[in-house]
Amino acid sequence: MSRRPAQAQRATTRRGEKPKPRGTARRPQRAGVLDQAIAGLPMSPETLHKVTTWSIVGAVGAVVLTVGILAGVPQMIGVGFAQAVGDAGLKVDEIQIDGLKRMDRATVYEQVLDQDSRAMPLVNLGDVRQRLLKFPWVKDARVSRRLPSTLHIAIEERAPAAVWQNHGQLMLIDPSGVPLEPVSPDAMPDLPLLIGEGANTQEAARKHLLETQPGLKPLVKAMSWVGNRRWDVFFTSGEKLQLPEGEDEAIAALKTFVSIDGTQRLLGRGNRGFDMRVANKLVVRRQGVIEPPPAISTAPTTIAPTPPATTTTPPAGTGTGEG
């Protein structure tokens, strides 16, 4: 077999003629997974570019701040970079506050804006929260960043449960006895009235005591915490009931009083008051009416001399003494 065609082909190649490439079919290019994910995002390419840029800035900022802290120069590196980020646009421009019902909104703004810088990385969230917790109305507070420019504050306020009168001052208190704000005697809210030194800390005990006799609650005008040991109950009809010391003893005495009042009608008959400080005894004082201390007066209250009273030991649920 002759080899001339092969030699001729090599000779042609040597002379500079390139062999013609074989024809190949082009495969269509498929979009990558990343391209498909980007195309599915609900934002324009410009917005995506901004988000990517700020993400990079944030990541670099975090690295720089960490390096600065580890190197012992946070003021020189971390703060300077955070301020530069704020100057570039990442700063507090909006404050969102949720949960406010009674507290002044301007007060919250003051605590947030009282910062050396409004650059978002330099806003101390923990410090803002601690300052908000110093206000009586604030039971809890949560502070968070919403990039690029919003600070979100969620406040849980305390709920007023009663009015506490002490040394001539009226004060709203919450269920745990925390004083909230002063109350004007001309604008008394429809809340229970507690009177006396330390009475605010007994709000839960007062509520529990009256809840044992719910039918008596609408007839109670005020309750006074006496000597940090026992209760006096003032009724809307003018009488005063003196209860014994101890939670269980007071509950038992109040139950007995309600039972006797249901059969012999003690309230609303011009009685001056009732003394149940001694176990199993009820002393009824007649003639006149005892009023609870006035809402704001600090002057001592003068009470007319108490007429002699007769003491009796009633059987369970029956009998009263007269005097």
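**Notes on the helices, strands and side-chain pairs**

1. Strand S1 (94–98), H6 and S3 are among the elements that cover the buried residues of helix H5 (105–113). Please keep in mind while reading that this is a predicted model. The buried residues of H5 are Thr107, Val108, Gln111 and Val112. Viewed along the axis of H5, these residues fall within an arc of 135°, so they line one face of the helix. At the start of H5, a side-chain oxygen of aspartate 104 comes to within 3.3 Å of the backbone nitrogen of alanine 106.

2. Which residue does arginine 129 meet in a salt bridge? The partner is aspartate 140, with 2.8 Å from N to O. This pair links distant parts of the chain, as arginine 129 sits in helix H6 and aspartate 140 in strand S2, eleven residues apart. Arginine 129 counts as partly exposed, at 29% relative accessibility, and aspartate 140 counts as partly exposed as well, at 22%.

3. The search of the whole structure finds ten salt bridges, and another one worth a look is that of glutamate 245 with arginine 229, where the closest N and O atoms are 3.0 Å apart. Glutamate 245 lies in the loop between strand S10 (240–242) and helix H8 (247–264), and arginine 229 in the loop between S8 and S9, so the pair ties together parts that are 16 residues apart in sequence. Glutamate 245 is partly exposed at 46% relative accessibility, and arginine 229 is partly exposed at 40%.

4. Are the partners in the salt bridge of aspartate 232 and arginine 230 buried or exposed? Aspartate 232 is buried, with a relative accessible area of 7%, and arginine 230 is buried, with 6%. The closest N and O atoms of this pair are 2.6 Å apart. Through salt bridges that share partners, Arg230, Asp232 and Lys240 are joined into one network.

5. On to the aromatic side chains. The count comes to three aromatic pairs. In the pair of tryptophan 225 and tryptophan 231, the ring centres are 4.8 Å apart and the planes stand at 55°, so the pair is tilted. Tryptophan 225 is buried, with a relative accessible area of 10%, and tryptophan 231 counts as buried at 5% relative accessibility. Elsewhere on this theme, Phe235, Phe257 and Phe274 form one aromatic cluster.

6. Leucine 180 belongs to strand S6 (residues 179–182). At 6% relative accessibility, leucine 180 counts as buried. Setting aside neighbours within four places in sequence, the contacts of leucine 180 include Pro136, Trp137, Arg158, Met171 and Ile173. Leucine 180 and valine 138 are 42 residues apart in sequence, yet 9.3 Å apart in space, C-alpha to C-alpha.

7. Some backbone details deserve a check by eye. The peptide bond from leucine 147 to proline 148 is cis, with omega near 10°. Proline 148 is placed in the loop between strand S2 (138–146) and strand S3 (150–157). Histidine 167 is not a glycine, although its phi is positive, at about 55°. Histidine 167 is in the loop between S4 and strand S5 (169–173), and it is exposed, with a relative accessible area of 65%. Asparagine 228 also has a positive phi, near 55°, in a residue other than glycine. The loop between strand S8 (220–226) and strand S9 (230–235) holds asparagine 228, which is exposed, with a relative accessible area of 55%.

8. Asparagine 166 is buried, with a relative accessible area of 15%. Apart from neighbours within four places in sequence, asparagine 166 is in contact with Gly196 and Glu197.

How values were computed
Residues are numbered from 1 along each chain as its sequence is written. This is a predicted model: local features need pLDDT of at least 70, side-chain atom pairs count only at pLDDT 80 or more; totals for chains, interfaces and linings use all residues. Side-chain values use heavy atoms; hydrogens and water are left out. Buried means under 20% relative accessible area, exposed over 50%, partly exposed in between (1.4 Å probe, protein chains only). Contact means heavy atoms within 4.5 Å. Helices (H or I, at least four residues) and strands (E, at least two) are DSSP runs, numbered from the N terminus. The arc is that of the directions from the helix axis to the C-beta atoms. A polar contact is a pair of N or O atoms within 3.5 Å; within protein, one must be able to donate a hydrogen and the other to accept it, and residues adjacent in sequence count only if both atoms are side-chain atoms. Rings of Phe, Tyr and Trp (its six-membered ring) pair if their centres lie within 6.5 Å; planes under 30 degrees apart count as stacked, over 60 as edge-to-face and the rest as tilted. A salt bridge is a side-chain nitrogen of Lys or Arg within 4 Å of a carboxyl oxygen of Asp or Glu.
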